[in-house]
Amino acid sequence: MLPASGVYPRENPRPTGSRAEVRVYQALRAKLPPGWYAWHSLRVQTREGWCGEGDFVIAEPRRGLLVLEVKGGAVELRDGLWWQNAQLMKPTPREQAFRFETLLLARLADGQCEPPAYGVATCFPDVAFSAPPSQDDLSRTILGEQHLRWLDQALPSLVEHALPAPRSQRGNWVGRLHELWGETWKPRLTLGQRARHSAEDRVMLDGGQLAFLDALQDNNRLLVEGAAGSGKTLLAREAALRLAGAGRRVLLLTFTEALARWLRECTTVEGLEVAPIRRFALTLLDRAGLEASPPPEAQGWEEVSLRAAAEALPRLDASYDAVVLDEAQDLAAGDWILAQELAGGKPLWAFHDPAQRYWSEREIPLDQFPARFRLPQAHRCPPAIQALADRYAGKPADEQLIRAGLADGALGIVSCPSESSVAGRIGEEIARLRGAGLEPGDIAVVSLRGRGGRRRRAERAVRWAHRRGRG
């Protein structure tokens with residue numbers, strides 16, 4: 001698609017110290033022939049790093065492009081040499097134009113584009129003359145002050161003399177010229193890039209969180225409570241990194257395998273081992289030479305943890321200098337026994353959120369944690385998503401934040417004409433998100449269908465979305 005014809009920039013020339021270029025720009029704005037293009041100060045760079053600038057690049061789509069070099073002040077040709085304000089010009093105006101033309105054509109070729117013809121010309125807007133220089137390549141390719149008010153008549157004649165006969169063109173060369181000139185640029189990220197950028201932000205702690213960690217580091221048994229998005233996982237990760245950085249052997253345990261996988265990907269340091277606690281229990285049994293396999297049913301996993309604590313650990317040298325637990329609210333009694341045996345008398349730090357607890361019967365052994373702290377605020381979850389999650393979790397929700405999220409795109413509403421159309425609309429949204437650059441792991445589908453009797457299942461879905469940081 002071609003850009004709108006005319007002079008670019010639309011209102012004023014690009015910043016320049018040349019009053020001559022400003023005069024030419026104003027003349028082009030007033031008298032550029034219809035359907036023509038003119039770009040002021042077009043810059044290009046080659047693969048080798050060479051840069052060049054054309055004062056003006058003029059294009060007539062059916063005829064070709066013209067590089068117009070502008071020189072102000074008193075310009076004259078004397079004794080075969082060009083002078084500007086009594087100073088010898090090296091290189092000459094046409095040589096400058098030809099050099100830029102070569103760079104520009106190479107950049108167009110990189111984009112599989114070529115105009116039907118091309119050439120160079122010069123303009124001396126501060127000099128009026130009745131006859132041009134007699135030098136053959138200059139006699140009909142120079143504009144002076146007297147031409148500026150009649151450019152709509154002078155330019156077609158100039159192009160005919162400066163350009164050879166047109167040949168077949170290649171590609172959208174006018175559109176490519178406009179891209180190289182660079183009309184607009186608004187910093188934006190695709191949705192997928194925003195997700196990855198957000199993921200990088202989530203592995204960064206702010207000053208307040210680091211200060212909080214500094215104040216807690218001397219506690220041997222520590223229980224930290226925080227709501228979704230308060231930075232529990234980041235603090236647990238940072239605590240483990242600090243301990244490992246001090247030369248200690250550290251075990252960072254989670255309840256879910258997905259979180260352990262993410263932590264392993266962004267937490268690679270000598271002396272630190274990351275694992276989901278129940279899979280780690282299987283690993284311990286295997287290391288001890290004991291029969292170990294995943295249980296056929298979910299309730300059998302607690303027995304795996306108990307066996308690892310009672311049978312595997314006594315046979316192994318599995319001592320750690322510190323154990324850090326995340327998602328501690330989901331650990332069963334057998335998991336706690338394993339964690340305590342792994343830590344022994346060494347530091348054991350646990351991070352949890354009671355509101356994210358899935359099993360109401362599971363309790364944290366509070367008597368084991370004389371030091372308990374609560375993270376004061378959410379850091380990582382966008383406020384609008386947090387407010388929406390609070391609403392569906394039955395908590396007080398800030399409706400103004402939800403409205404703001406709908407306005408700025410953090411939240412969106414997709415209408416479904418019937419219940420049977422919901423699945424199809426979800427599929428369309430997933431396809432749209434994938435087209436915007438999101439990976440499958442960036443997308444969470446949270447269903448609140450069946451709230452009430454199965455409210456905890458919905459809450460767990462919301463919690464999972466928050467862990468992923470997507471919402």
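Q: How do β11 and β12 pair, and over how many bridges?
A: β11 and strand β12 (residues 272-276) pair in the parallel sense, over five bridges. Strands are DSSP runs of E with at least two residues, helices are runs of H or I with at least four, and both are numbered from the N terminus. Two strands count as paired if DSSP finds at least two bridges between them. This is a predicted model: local features need pLDDT of at least 70, side-chain atom pairs count only at pLDDT 80 or more, and totals for chains, interfaces and linings use all residues. Residues are numbered from 1 along each chain as its sequence is written, and side-chain values use heavy atoms, leaving out hydrogens and water.

Q: Which residue in β12 is the bridge partner of Leu-251?
A: Glu-273.

Q: Is β11 buried or exposed?
A: Five of the five residues in β11 (residues 250-254) are buried, meaning under 20% relative accessible area with a 1.4 Å probe, protein chains only. Val-250, Leu-252 and Thr-254 lie on one side, Leu-251 and Leu-253 on the other.

Q: Why two sides?
A: In a regular strand the side chains alternate between the two faces of the sheet.

Definitions and conventions
Buried < 20%, exposed > 50% of the residue type's maximum accessible area, 1.4 Å probe, protein only.
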